[in-house]
Amino acid sequence: MSTLLITGGTVVSATGRTEADVLVDGEKVVAVLAPGSTLLGHDLTGSVDRVVDATGKYVIPGGIDAHTHFELPFGGTNASDTFETGTRAAAWGGTTSVIDFAVQRTGERVEDGLAAWHEKAAGSCAIDYGFHQIIGGVDEFSLKSMELLADEGITSYKLFMAYPGVFYSDDAQILKAMQKAADLGLLTMMHAENGPAIDVLAEQLYRQGKTTPYFHGVARAWQMEEEATHRAIMLADVTGAPLYVVHVSAKQAVEQLAAARDRGKNVFGETCPQYLYLSLEDQLGASSQEWGDLEGAKWVCSTPLRSREEGHQHAMWQGLRTNDLQMVSTDHCPFCMKDQKELGKGDFRAIPNGIGSIEHRMDLMYQGVVTGEISLERWVELTSTTPARMFGLYGTKGVIAPGADADVVVYDPNGHTSIGVGKTHHMNMDHSAWEGFEIDGHVDVVISRGEVLVSDGEYHGRAGHGSYLKRGLSQYLI
Ligand code: DUC
Ligand code: ZN
Ligand code: ZN
């Protein structure tokens, strides 16, 4: 067991900031000390194994990305990051825990889907990892299997109101699953878009010759998200189940969440960096010399990027400030253009859905601090502390305090990060959805359970360092 002291920095939590030194022993934080404190001896820097100088920098709890899809089978291909490549990229960007989605589909046993996910992840991860469970086929067997999840450390599961024939659940299935979740104390995560109606709109657009990625955004109209969000809230209300709506992108969906929360409902919402920065017009409608109007496929994801003119981005930032949205995850689901996004040339419906962002979430959200959208403390809360509380990890994760895992990031507000392939890009993708983004800050040092994974621009992590996180019940509900 080695000791490490992080000196001279400003420790930032969800509730404040203070000048402090952080002492790590083995995998744990053991003390947060006034700078220069002699409480533990006169020459602490001389007696520890390693000193990390954080003078002039922020010392924050490691990021927690609670929405990733490593190796997700989707649209006839698999998301291109494995647990190994995806968690390594996460570490580069200051994320020290991920919660990925294990998959069960119609006709499959939940236990088998979960076992397959454990097999993919075990021994591969650079950082700690947990799972949510996708229930893609609600029936008497999968409902029964939900009873096993909490004991496995999986206290949240996801349903889809979109993707008929793939992951889709109808209202009767949703109601039954929510009733079960209410009994078990599980958190229901919902992909809230009206899939059957979207598929009709998409087919009509295609027949009219409107086949480019831009029309992915047109077919998945905000009304489809607002309607499904409202329906999910109502179904949850009837059953008494708490609800967490994933990847919120429409301002009208935020309004639905806000109204439910104002009525005192246990309803939560997450958004993602793409909905804060990118748009239907600028990205889905893009064309390039290399890809022509297939260029927009880089940003095909669901829910889709929304119209800049309609003001959805502004509403997302506002929701994050007012706590109508509580967290920012990535929905990291990367696909290469070559051989993957290309599958949808001439038919936007065949483009695999997903954007890769896991490496850049902490930076992109810090830029919101720089531009005055959120406070420094809210940055930590949205990216680490609330994800930990929401998904039953708080105390061990999401905070720098004695007894917590030593997952710590030293962030330099005077540093700079240029995002793009050939610059900062460790995700297994042949392009970056964030090419050209400039960040007025830099992830300097990344520590996971006491091990330095990143320092001085070098990667020191290893596959297999990451451990499985058996999560407790959501700490917002008890
Ligand atoms: N949305 C995506 O963009 N990708 C994977 C699944 C999803 O719901
Ligand atoms: Zn989804
Ligand atoms: Zn997702």
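Strand 11 (residues 156–160) and strand 12 are joined by 5 bridges and run parallel; helices (H or I, at least four residues) and strands (E, at least two) are DSSP runs, numbered from the N terminus. The model is predicted: local features need pLDDT of at least 70, side-chain atom pairs count only at pLDDT 80 or more, and totals for chains, interfaces and linings use all residues. Residues are numbered from 1 along each chain as its sequence is written, while chains are lettered from A and ligands numbered from 1 in the order in which they are written.

Strand 12 (residues 187–191) and strand 13 (residues 243–245) are parallel and share 3 bridges. In general, strands of a sheet pair through backbone hydrogen bonds, either parallel or antiparallel. Two strands count as paired here if DSSP finds at least two bridges between them.

These pairings belong to an open sheet of 8 strands, ordered 6-9-10-11-12-13-14-15, with parallel pairing. Its edge strands, strand 6 (63–68) and strand 15, each pair on one side only.

How many residues of strand 12 are buried? The count is 5 of 5, so the strand is mostly covered; a residue is buried if 20 or more other C-beta atoms, placed from the backbone, lie within 10 Å of its own, exposed if 12 or fewer, and partly exposed in between. Leu187, Met189 and His191 point one way from strand 12, Thr188 and Met190 point the other way, and all are buried.

Some backbone angles deserve a look. Most residues other than glycine have a negative phi, and most peptide bonds are trans. The peptide bond from Ser302 to Thr303 is cis, with omega near 0°, and Thr303 sits in the loop between helix 11 (280–284) and helix 12 (312–322). Asp331 has a positive phi, near 55°, and lies in the loop between strand 15 (327–328) and helix 13 (361–370). Asp339 is in the loop between strand 15 and helix 13, and its phi is also positive, near 70°. Are these two aspartates buried or exposed? Asp331 is buried because 27 C-beta neighbours lie inside 10 Å, whereas Asp339 is exposed, with 11 other C-beta atoms within 10 Å.

Helix 3 (residues 110–121) has 12 residues, which at 1.5 Å a residue should span 16 Å, and its end C-alpha atoms are 17 Å apart, in agreement; the expected span is 1.5 Å times one less than the number of residues. Val110, Gly113, Leu114, Trp117 and Ala121 are buried in helix 3. Seen down the helix axis, these buried residues fall within an arc of 95°, so they line one face; the arc is that of the directions from the axis to the C-beta atoms. The face turned away from the buried side carries the exposed residues Asp112, Ala115 and Glu119. Cover for the buried residues includes helix 2 (83–92), strand 9 (95–105), strand 10 (128–136) and helix 4 (140–149), where contact means C-beta atoms, placed from the backbone, within 7 Å. Just after helix 3, Gly123 has a positive phi of about 75°.

Notes
Contact = placed C-beta atoms within 7 Å.
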